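Here are some exercises to work through with the structure open beside you. Try each task before reading its solution.

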Amino acid sequence: VLLWVWVLGVMWLTYAKGAIFWALAGLCISFAPRGMRRYPGWMALAMLSTIPLILLVGTDPFHWGFKTLSSMITRFEIWGSAIAAFRDDPYILLFGNGFRTIYYKTLRLSELPYLNAHNNVLNQILFFGVPALLLYFTALSSAFRRAGERIRSSGDSRLLTTLVGVTVALVGEHFFEPVLDSVALQAQYYGFLALT
């Protein structure tokens with residue numbers, strides 16, 4: 001508990017809004033009541049289903065002044081550039097290799113070009129193609145399914161539930177961040193996925 005307080009404190013001081021939210025989501029899964037821990041896939045789906053809500057709030061449709069989510073507008077523009085890249089070059093949809101295309105598509109946004117879509121789902125397509133995205137989701141759902149089967153058969157659920165919580169936190173955070181730019185972040189995600 002002291003470690004988590006310290007980590008969340010550091011995250012608060014760095015103003016890492018997304019990381020704070022997804023860490024808390026992972027903690028909710030990790031410390032879920034025993035009956036809920038038997039179904040980690042459903043808990044994961046419930047937490048990840050907050051992504052559309054975050055996207056809605058990020059657009060501030062009611063003009064409530066959510067200044068903390070103003071970076072969402074930039075993300076939407078980068079995501080639009082990635083979608084334009086897919087539309088203009090169908091080769092990317094099959095095989096990826098859209099590095100050059102996203103670079104030029106984002107030049108219109110700022111003087112700083114982006115080399116990725118700032119979203120791991122779109123990056124899977126942009127870098128590796130739709131088949132890789134399907135494998136990405138297959139690996140994720142398989143890990144959650146197997147964790148649930150193991151929890152229900154063994155009855156010892158704390159470690160596996162925590163691994164599911166960590167994986168959900170990473171998947172949620174990676175939806176909004178350019179994680180494929182870093183081998184360390186990729187290794188972290190796939191390491192936790194393999195452990196789960």
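**Exercise 1.** Find out whether His 174 is buried or exposed, and list its contacts.

Step 1. His 174 has a relative accessible area of 3%, so it is buried (buried means under 20% relative accessible area, exposed over 50%, partly exposed in between, with a 1.4 Å probe and protein chains only).
Step 2. His 174 belongs to helix α11 (helices are DSSP runs of H or I with at least four residues, numbered from the N terminus).
Step 3. Leaving aside neighbours within four places in sequence, His 174 is in contact with Asn 119, Asn 120, Val 179, Leu 185 and Tyr 189 (contact means heavy atoms within 4.5 Å).

Before you go on: this is a predicted model, where local features need pLDDT of at least 70, side-chain atom pairs count only at pLDDT 80 or more, and totals for chains, interfaces and linings use all residues. Residues are numbered from 1 along each chain as its sequence is written, and side-chain values use heavy atoms, with hydrogens and water left out.

**Exercise 2.** Describe how helices α5 and α6 meet.

Step 1. The axes of α5 (residues 50-59) and α6 (residues 71-88) come within 9 Å and cross at roughly 110° (axes are lines fitted to C-alpha atoms, for helices over the stretch in contact, and angles run from 0 to 180 degrees between N-to-C directions).
Step 2. That makes α5 roughly perpendicular to α6, a label for angles of 65 to 115 degrees.
Step 3. On the α5 side, the contact is made by Leu 55, Gly 58 and Thr 59, and on the α6 side by Met 72, Ile 73, Phe 76 and Trp 79.

**Exercise 3.** Check the span of α6.

Step 1. At 1.5 Å a residue, the 18 residues of α6 should span 26 Å (the expected span is 1.5 Å times one less than the number of residues).
Step 2. The end C-alpha atoms of α6 are 26 Å apart, which agrees.

**Exercise 4.** Explore the surroundings of Trp 79.

Step 1. Trp 79 lies in helix α6 and is buried, with a relative accessible area of 8%.
Step 2. Leaving aside neighbours within four places in sequence, its contacts include Leu 55, Met 72, His 118, Leu 122 and Phe 176.
Step 3. What covers the buried residues of α6 includes α5, α7 (90-95), α8 (99-106) and α9 (120-128).

Terms used. Helix = DSSP H or I, 4+ residues; strand = E, 2+ residues; numbered from the N terminus. Parallel < 35°, antiparallel > 145°, perpendicular 65-115°, else oblique.
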